[in-house]
Amino acid sequence: MRSETAPAIRLEDYQPPAYRIDTVHLDVLLDPAATKITATLSIARTQGTEAGAPLVLDGDELTLAGLKLNGEDLPGSAYVAAPDRIEIQSPPAAPFELTIETEINPDANTKLMGLFRSSGTYCTQCEAEGFRRITYFLDRPDVLAVYTTRIEAPKAECPVLLGNGNRLEEGPVEGTDRHYAIWHDPHPKPAYLFALVAGDLAEVPDRFITSSGKDVALNIYVEHGKESLCAWAMDSLKRSMRWDEDVFDREYDLDVFNIVAVSDFNMGAMENKGLNIFNDKYVLADPETATDQDYANIEAVIAHEYFHNWTGNRITCRDWFQLCLKEGLTVFRDQEFSADMRSRPVKRIADVRLLKSHQFPEDAGPLAHPVRPRLYHEINNFYTATVYEKGAEVVRMLKTLLGSETFRAGLDLYFQRHDGEATTIEAFLACFEEAAGTDLGQFALWYDQAGTPVVTVKTRYDSRRQTFSVSLSQEIPPVPGQKSSKPAVIPLRYGLIGPNGEDIDITTAPEGGRVEGDVIVLEKAKQEITFRDISSAPVLSLLRDFSAPVRLDHELQSEDLQFQAAQDSDPFNRWQAVQTLAMQDLVRLASLNREDKPAVPSQDVLRVLGSVLSDTSLDAALKAQALTLPSEADIAQEIGKDVDPDAIHAARKMLRQAVARQHGDILLGLARGLSGEGAYSPDADAAGKRALSNRALYYYAASGSPDAAGLVWDLFTKADNMTDRLAALTLLLHDHMPRETEAIALYKTRHETNSLAMDKWFMVQATAPGDETPAKIRSLMKLPLYEAGNPNRVRALLQSFATGNPTQFARADGTGFELIAESVLEIDKLNPQVASRLLTSFRSWRALDPQRSALAETALLRVSSCEDLSRDSRDIVDRTLQ
Ligand code: B3K
Ligand code: ZN
């Protein structure tokens, strides 16, 4: 027996709603186990709906406690009510008012969708379909209503009552120990942006004056005692608000902007109108508990949610197939913000690393889907790297193709034309077509075709004719369920590097295709571009700044890559050249290891890494990025089939040790030289220095030098910040250094009461290579500190194991897969979204060697055979096994 797959929802079946809901009045009487909600909805037929057409409202695990139409009880014969829907058979032809009473149990809500409690605080999560767990509703993003919310709760337990929009009034409920607040949001919005919060929270206030002089009250609400940890988040918020005004001319539109941090949350954060709710991981920071990466993430997520106010809230999605309309665009916006706040090339490299490590494998496996999917069974499974990250790349390509000014004009038109609407990708693209006077029909294929295009490049220099020809072809490898694909429009930023290392000035117009400035626009399956008057053989630097989300098959010789690594004027391609050289060698070493043949790292690669180390012109953060070898998962992806994670692990270790042996002195200097200068600051420059210093120590620790263990231990015990302490702890545990057990205990004693710091403690242990790790994880799961109901903890221990410990997850005895399969089944009963996300860690199972892939399949079949699997996990397991 197995649970049924939910019916498919298809884009082509979209129908506008038969009824609209203009206003919503909610009255919420909070109680931990029995919260009463009275929803009063003003409803009207939409154009084209026949009088008396049935009205069907969505619900999810709801109990109906009362139903009135225009103030009168509705007789039982007039409707059918079930936990997942109400159908009113023939509602009045004229606009009417429906009053619905429901009762829900926030404390029993372990799915963390709808209304739930986190450490005693009531909060909500309604995207995508959580509002229907609060009351019956037309829970779809194209139903926009004006909300007024009255929240009532005991004053002592919940002194803070928050809703969307502006607060209209608040006060005691006479004769009781309760109080209430009424919030009104004047901006029509879909139900997924509804939110309320109630609890005993500390308020961190600030303010922001907008460009037109509006005074906005900003507040961050956190658990008492954590006020001092909000400074960075508040600073990031104010910088985001200013940046959106400066760069996109977008101003904030309410009198208040509230952020609430909670510790149990399925995702990073949520952009509810005027009341963002955050996973506290993306709010709280101080040097003692947060790493530089945490600081950067907080800055980016605060910005992302704030930017949604325009790209998502003011203009929302017509249906969930259009999710990338708000997510891809908002990720693009937050990436640009971080690039402006920090180093642009370093940010670009970090974003591309993320894209390649998360989105590329998704696009190459059984869960591949277009940026705009056409079909889903469970929408929560489509908040993916493809929708977010590839979606952002598509927006970036639009900018590259149209140029900054036209791109900006198109976006202005979009804001002006669609403000207050729920719209589509077509409408979005139409604005750019109009601004540019061009047809984007072929470009739109990026939204519809899954799979990463492979661009194959061949070059030929003819010294007699002084021509340089670049032949290009593109192809998307087969994607399950996708018919043959069509050529996309691929902007390839390029330069021709002359023998002196400088870009050649191209004075004669290239022939054979569209070349606009420094961008070759590949539009056909095959094209040959010829450059004339090129007096000596150049090196082609292609895909500069990673101008398109494609794989490049460009057989450059090692000498050319070394030349690029040293000379390319594009920092991204300098970094890429180092990575390509390292990757080629790692793949070669892994294959030799696989065959038990002697393997020695290439001198070319060691030399290039050495030049990076000693290059004084490179900034520290960029150096650290260049010195970060492709991860084991990246190497597995490159190998693509018959993957043996142990051979890959060994290859990476060999290269690391060889670097350490060859460049010990300079590594030691860097490891000692940069960290610990002056007081901690989270800015990009200081963070870059720490990153380089810790990267150097990572190599040096592999040198076998007698002082290496002492250096690591010193850093661990003396560090004045989490970045350095965690780097040292990771080395101690992952290299199984002599005092690792003592380090685990010391860290625990120091941070036991701080759950975000303890998440790191779980994570470092879960990602340690070594046979004992799965058993260790099982024992960690028995600790009182491990909470299966807390998504951050589950992700720290189990998700990081499944995605960050390839040799142990894909063990040849199958126990790694079993651990995750068992955990998925357990967690699925509590929180399907967390379980199904964990299950996606199996997505590359078919690329493993036959023994391992058979074991992975067994584990997946075990999950699949569960009778009462959630819709979320059923969808993922079905597609993964397909
Ligand atoms: N929009 C939310 C994500 C909601 C996920 C629902 N399963 C956060 C964000 O992208 O900003
Ligand atoms: Zn978002």
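Cys 230 counts as buried, at 0% relative accessibility. In this predicted model, Cys 230 takes part in no disulfide, and the nearest cysteine sulfur, that of Cys 123, is 16 Å away.

**Cysteines**

- A search of the whole structure returns zero disulfides.
- Cys 123 is buried as well, with a relative accessible area of 0%.
- The closest cysteine sulfur to that of Cys 123 belongs to Cys 126 and is 10 Å away, which is too far for a bond, because a disulfide requires two cysteine sulfur atoms within 2.5 Å.

**Zinc site**

- Which residues coordinate the zinc ion (ligand 2)? The donors are NE2 of His 304, NE2 of His 308 and OE of Glu 327, at 1.9 to 2.0 Å.
- The donor residues of the zinc ion follow the spacing H-x3-H-x18-E in sequence.
- His 308 and Glu 327 link distant parts of the chain, being 19 residues apart.
- His 308 sits in the loop between α2 (292-307) and β22 (316-317), whereas Glu 327 belongs to helix α3 (residues 323-341).

**Ligand 1**

- How much of ligand 1 does the protein bury? Taken alone, ligand 1 exposes 330 Å², and the protein buries 93% of that.
- On the nitrogen side of the ligand, an N or O atom in the side chain of Glu 127 is 2.6 Å from a nitrogen atom of ligand 1.

**The loop between β11 and β12**

- The peptide bond that runs from Glu 127 to Ala 128 is cis, with omega near 0°.
- Ala 128 is located in the loop between β11 and β12.
- Asp 142 lies in the loop between β11 (121-125) and β12 (145-154).
- With a relative accessible area of 14%, Asp 142 is buried.
- Which side chains does the side chain of Asp 142 contact? One polar contact, of 2.5 Å, is made with the side chain of Tyr 14, and another, of 2.7 Å, joins Asp 142 to the side chain of Arg 140.

**Positive phi outside glycine**

- Asp 249 has a phi near 60°, a positive value in a residue other than glycine.
- Asp 249 is found in the loop between α1 (231-248) and β19 (256-262), and its relative accessible area of 52% makes it exposed.
- Gln 466 is not a glycine either, yet has a positive phi of about 60°.
- Gln 466 occupies the loop between β25 (454-462) and β26 (467-475) and is partly exposed, with a relative accessible area of 29%.

- Ala 812 is placed in the loop between α23 (806-809) and α24 (815-830).
- The relative accessible area of Ala 812 is 35%, so this residue is partly exposed.
- How far apart are Ala 812 and Asp 646, in sequence and in space? The separation is 166 residues in sequence and 9.4 Å in space, C-alpha to C-alpha.

Note on methods. Residues are numbered from 1 along each chain as its sequence is written. Chains are lettered from A and ligands numbered from 1 in the order in which they are written. This is a predicted model: local features need pLDDT of at least 70, side-chain atom pairs count only at pLDDT 80 or more; totals for chains, interfaces and linings use all residues. Side-chain values use heavy atoms; hydrogens and water are left out. Donors are N, O and S atoms within 2.8 Å of the metal (3.2 Å for Na, K and Ca); water is not among the atoms, so sites may look incomplete. Helices (H or I, at least four residues) and strands (E, at least two) are DSSP runs, numbered from the N terminus. A polar contact is a pair of N or O atoms within 3.5 Å; within protein, one must be able to donate a hydrogen and the other to accept it, and residues adjacent in sequence count only if both atoms are side-chain atoms. Accessible areas come from the Shrake-Rupley method with a 1.4 Å probe; for residues, only the protein chains shown count as cover. Buried means under 20% relative accessible area, exposed over 50%, partly exposed in between (1.4 Å probe, protein chains only).
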